[in-house]
Amino acid sequence: MSRDDRQKLLELRDLRTYFDVEGRTAKAVDGVSFDIYTNEVFGLVGESGSGKSVTSLSIMRLIPNPPGRIESGEIRFRGQNLLDLSFAEMRKIRGNDISMIFQEPMTALNPVFTIGYQLREGIRYHSKCSKAEAEDRATEMLDLVGIPDPRRRLKDYPHQFSGGMRQRAMIAMALSMEPGLLIADEPTTALDVTIQAQILELMLKVREKTGDASILLITHDLAVVAETCDRVAVMYGGKIQEISEVKALFKTPLHPYTQGLLSSLPRPDKQKKTRLDTIPGIVPSIMSMPPGCKFAARCPIAEPRCERDEPELREITPGRFCRCHLVDGKGGGRAW
Ligand code: SF4
């Protein structure tokens, strides 16, 4: 299927999410635009503090207000701007059309209710089925995510599940209503390395069996992106710096930040290095972002204009976007 034949499921346009802290404004997400197509796994990657999680919470309309607020922009899901919906309308969308898996399932699961109760309640809230039907569906979903003896384990409380099992239960919950979009925010970060690959594989497998949801995968781990995603957006300083198909990004990263991230990865196929490269400096504070390119203080090829002028995100080649003065597309660039 060509790029233009694909249907857009989610369209973010110039999203700005700000936090008011001690009389100042922190621009956590500052003009973010990207699309997610149907049946696509889209990665959002970046260091801590780059704005990835605030972007996902904004899509779910879960930004705590105060101190946070969605200042402006559009979040179009199946053509409808979610920012126009009432709180009650948005509750129907959450879980039913858009689900979320959080980094630490213990914070998302309620410790005083059984896994079964929490699964059934979600199913009954959205589908209005009987208790017995919800119980059957909950059992089926736990079975699908590989929990042995699922009907009995529905009676367990979250603390009786291991970390990996809790994340499996979260995947069961998130996919039980066959949502169109699954947002997975660092879904394997809190798990052992041996469990991480299992959970990612499971998420993709269960998603196929339950209706082929598109996935927005938030991660700081480029290896996870390489294994899992179709396209990826690289975020830094509350802005998208590069968008690309995953293969192209790994082959020829355009943005100096992406190049830095990739060269800091161990590459067993390349010449052995005694030390891995690092990106010098730290992510700028969202309380005091520099006026020009947000990466200027750490960029090895920065020019004087970089500190002064903010570059735009431009389409360099079809489907590849980059925010850098020195990657110009030779006249073919198109701003979002
Ligand atoms: Fe580096 Fe300048 Fe490009 Fe920013 S705009 S990434 S500072 S070259």
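**Close-up views of a predicted model**

**View 1. Helices α7 and α8 pack against each other at an angle of about 15°.** In this predicted model, helix α7 (residues 163–175) and helix α8 (residues 193–209) have their axes 11 Å apart. Because angles under 35 degrees count as roughly parallel, α7 is described as roughly parallel to α8. The crossing in which α7 passes α8 is right-handed.

**View 2. Residues of α7 meet residues of α8.** On the α7 side the contact is made by Gly164, Gln167, Arg168, Ile171 and Leu175, while α8 contributes Ile195, Gln198, Ile199, Leu202, Met203, Val206 and Arg207. Sorted by class, this contact of α7 with α8 holds seven nonpolar, three polar and two charged residues.

**View 3. Helix α5 covers residues 131–144.** Its 14 residues reach 20 Å from the first C-alpha to the last, which is close to the 20 Å expected at 1.5 Å a residue. Within α5, the residues Ala134, Glu135, Arg137, Ala138, Thr139, Met141 and Leu142 are buried, and the buried residues of this helix pack against α4 (115–127), α6 (150–153), α7 and α8. Just after α5 comes Gly146, which takes a positive phi of about 85°.

**View 4. Thr219 lies in strand β8 (residues 214–219).** With a relative accessible area of 4%, Thr219 is buried, because that term applies under 20% relative accessible area. When its neighbours within four places in sequence are left aside, Thr219 is in contact with Leu44, Val45, Gly46, Lys52, Glu186, Val224 and Val225.

Key: Residues are numbered from 1 along each chain as its sequence is written. This is a predicted model: local features need pLDDT of at least 70, side-chain atom pairs count only at pLDDT 80 or more; totals for chains, interfaces and linings use all residues. Side-chain values use heavy atoms; hydrogens and water are left out. Axes are lines fitted to C-alpha atoms, for helices over the stretch in contact, and angles run from 0 to 180 degrees between N-to-C directions. Helices (H or I, at least four residues) and strands (E, at least two) are DSSP runs, numbered from the N terminus. Angles under 35 degrees count as roughly parallel, over 145 as roughly antiparallel, 65 to 115 as roughly perpendicular and the rest as oblique. A crossing is left-handed if the near helix is turned anticlockwise from the far one by less than a right angle, and right-handed if clockwise. Contact means heavy atoms within 4.5 Å. Ala, Val, Leu, Ile, Met, Phe, Trp, Tyr, Cys and Pro count as nonpolar, Asp, Glu, Lys and Arg as charged, and the others, Gly among them, as polar. The expected span of a helix is 1.5 Å times one less than its number of residues. Buried means under 20% relative accessible area, exposed over 50%, partly exposed in between (1.4 Å probe, protein chains only).
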